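Please keep the model open beside the text and look up each residue as it is named.

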Amino acid sequence: MPYNIVALLKRVPDTESKITLRDNAVVTEGLNFVLDPYGEYGLEKALQLVEQHGGKVTAVLCGPADAKETIRKALAVGADDAVHLSDPAFEGGDAAATARVLAAALKQIPFDLIWSGKQAVDQDNAQVPERVAELLDLPHVNSVIEFTLAADGKTARCVREVDGERDVMTTTLPAIFTAQQGLGELRYPSLKGIMGAKKKPITDWNAAALGLDVAAVGAAGAKFQVIQLEPPPARPPGKIIPGDAQTAAQELARLLHEESKII
Amino acid sequence: MDFTLTEEQGAIRDLARAFAQKEIAPYAADWDRTHEFPAHVYEKMGAQGLMGLPFPEAYGGAGADAIATALAIEEISKADGSIGLTYAAHMGLGAAPIFLFGNEEQKREWLAPLAQGKGLGALSLTEPSGGSDLAGSVKTTARLDGDEWVLNGSKLYVTSGKVARSIIVLCRTAENQGHRGLSLIIVPHGAPGLMIGKLESKMGLHTSLTTQVFFEECRVPRENLLGEAGQGFRYTMQVLDGGRIGIGAMALGLGEAALDASVKYAQQREAFGKPIAEFQAIQHMLADSAMELEAARLLIYKAAALKQQGKKFSVEAAQAKLFATEAADRVCWKAIQIHGGAGYLTDFPVERYYRDNRLLLIGEGTSEVQRMIIARDLLANAYE
């Protein structure tokens with residue numbers, strides 16, 4: 001049976017970009033943006049499921065107006081259509097505010113299941129999909145590395161990796177699943193996909209279109225406030241332990257135990 | 001004037017880069033050493049739609065523009081010069097003439113499989129009796145016998161000659177007519193009387209399969225004539241104009257790879273108690289390389305943009321090819337200098353970039369031929 005699958009995506013700075021900070025925010029000028037890699041794993045699974053069972057994949061992304069280019073990357077790899085949630089009022093939101101926007105949009109989109117990244121690599125919040133699940137009163141399974149749909153199409157079996165063990169969960173659909181590394185890398189777009197991406201529909205929704213109160217979204221709706229943002233401290237240089245193997249090993253064990261407290 | 005890439009151009013560059021860095025770059029040094037032809041890479045490139053990048057979708061191509069095509073060649077070459085050359089020659093020499101001058105049936109039969117990545121294309125021009133003097137040196141003949149062309153002669157330096165699905169041959173179809181007696185004829189792999197010579201042993205570009213090709217009463221159907229008889233030289237000049245953008249893009253990719261390696265090495269290697277990147281002598285080399293590559297990039301993209309707009313681009317393509325290949329030669333030279341003794345070892349990639357780039361100052365028109373093209377245009381316009 002065919003499935004309508006939503007892939008929740010986020011636009012994040014390329015992990016190879018050099019991040020600079022100004023006024024407690026990341027300077028976005030000149031940054032190269034990509035799809036969040038965890039979201040990509042979810043998108044790949046969505047594409048595979050539609051290849052196997054039929055249906056369609058709708059990419060949903062909440063981000064500024066110039067995120068269209070990133071959305072088209074999802075269309076180039078095979079998403080059928082996309083929804084761009086964009087409004088100056090959405091900017092500066094925390095996980096709760098963003099989840100409100102996504103949940104409002106998902107009430108307008110028919111779906112059987114939703115894929116999302118387990119977290120996004122820019123802020124590593126790992127809260128948005130769970131909050132969306134709560135707002136929509138849907139079951140959710142996070143950090144999925146293996147996924148199969150039951151033959152009747154009503155339930156899904158998920159495998160999660162927990163402390164080196166495999167945790168198997170089943171849930172009824174509709175539900176939200178979040179992707180962990182290992183679920184599968186996103187395919188390359190084909191040239192045909194790239195050239196065809198412009199012809200696929202992207203629906204734009206702002207706060208008014210979703211009937212959202214602007215006081216409940218974006219910076220205005222955020223409970224979470226950034227007090228200070230600073231780059232992580234530079235990594236100290238590596239240490240070379242001199243001496244013969246026996247004394248060096250003893251010294252290494254001492255340092256691991258007393259300085260880095262790993263053992 | 002806007003120097004930003006379109007979204008599509010950017011997406012194609014990103015795809016080519018991701019593909020090249022994952023599927024090609026990690027193995028390039030091995031292939032260079034073993035000379036093993038990575039056939040599977042071309043199959044994968046075909047599956048991605050890369051092999052028919054600039055050709056219309058109707059023939060299985062992607063319909064990308066000339067700048068996007070140059071970007072893809074640049075990214076592939078950055079990972080592996082041999083694959084870059086095979087790729088550039090496939091599209092620019094083996095397939096482009098069929099697209100430009102072929103009729104509908106020829107495009108379906110010969111262009112479509114190449115565009116879909118079902119085989120590599122080749123073009124054979126040079127003969128033992130001469131290279132740059134193309135019009136005067138072509139001795140390979142083709143005569144009509146009933147419904148067939150019968151070819152006799154031999155060709156040198158045929159890129160991908162050993163594996164090509166089809167080889168387009170520049171040959172003489174009329175005597176005593178100089179360059180007006182030349183034509184292009186498509187010779188399929190396995191045609192009776194077609195013999196592939198031994199693989200040439202080269203300084204670099206080790207997995208680009210360069211061969212001699214011999215024709216002994218080689219028979220192909222009459223329909224395999226491309227365009228009009230007697231137009232082969234003019235067609236060839238037009239094809240080479242486009243091919244030169246590809247060669248320039250290839251040099252740019254190799255130069256970028258050499259500069260990237262240099263920057264990385266200069267920051268890691270220490271001498272006199274600090275990274276050598278802190279010495280002005282090294283910094284000047286890096287700065288000059290970056291500047292020269294940027295200039296090459298602008299020349300290449302400009303020639304490609306003119307081509308895309310359907311304007312004249314012969315001189316710009318010659319300038320782009322000449323400058324980019326010679327700039328890359330200097331950049332690779334400096335890369336080895338920055339690496340010092342390590343740069344001379346095959347453990348580091350820069351000597352490979354240097355060897356691979358060296359051909360680009362020769363193939364598809366030597367540097368001297370490019371200067372001739374540029375000067376001729378300059379002088380012709382000056383006297384108008």
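1. How many of the nine residues of helix α12 (residues 350-358) of chain B are buried? Seven of the nine are, and the helix is thus described as mostly covered, where buried means under 20% relative accessible area, exposed over 50%, and partly exposed in between, with a 1.4 Å probe and protein chains only. Helices here are DSSP runs of H or I with at least four residues, strands are runs of E with at least two, and both are numbered from the N terminus.

2. Before going further, note that this is a predicted model, in which local features need pLDDT of at least 70 and side-chain atom pairs count only at pLDDT 80 or more, while totals for chains, interfaces and linings use all residues. Residues are numbered from 1 along each chain as its sequence is written, chains are lettered from A and ligands numbered from 1 in the order in which they are written, and side-chain values use heavy atoms, leaving out hydrogens and water.

3. Returning to α12(B), its buried residues include B:Val350, B:Tyr353 and B:Asp356. The buried residues of this helix pack against several other helices of chain B, among them α5 (81-101), α8 (232-268) and α10 (314-339), a contact being heavy atoms within 4.5 Å.

4. The largest nonpolar core has 139 residues, and A:Leu43, A:Trp115, A:Phe147, A:Phe177, B:Met45 and B:Tyr87 touch the most other members; such a core is a set of buried Ala, Val, Leu, Ile, Met, Phe, Trp, Tyr and Cys residues joined through side-chain atoms within 4.5 Å. Helix α8(B) gives the most to this core, with 17 residues. Leaving aside residues up to four places away in sequence, B:Met45 touches B:Phe19, B:Leu50, B:Met51, B:Ile76, B:Ile83 and B:Tyr87.

5. In strand β1 (residues 121-124) of chain B, B:Gly121 and B:Leu123 point one way, B:Ala122 and B:Ser124 point the other way, and all are buried. This strand runs parallel to β4 (residues 166-172) of chain B, to which four bridges join it, and strands count as paired if DSSP finds at least two bridges between them. Within this pairing, B:Ser124 stands opposite B:Val169.

6. As for chain B as a whole, its secondary structure comes to 13 helices and ten strands, and buried residues make up 55% of its 384 residues. Its C-alpha atoms fill a box of roughly 80 × 55 × 40 Å, taken along the principal axes.
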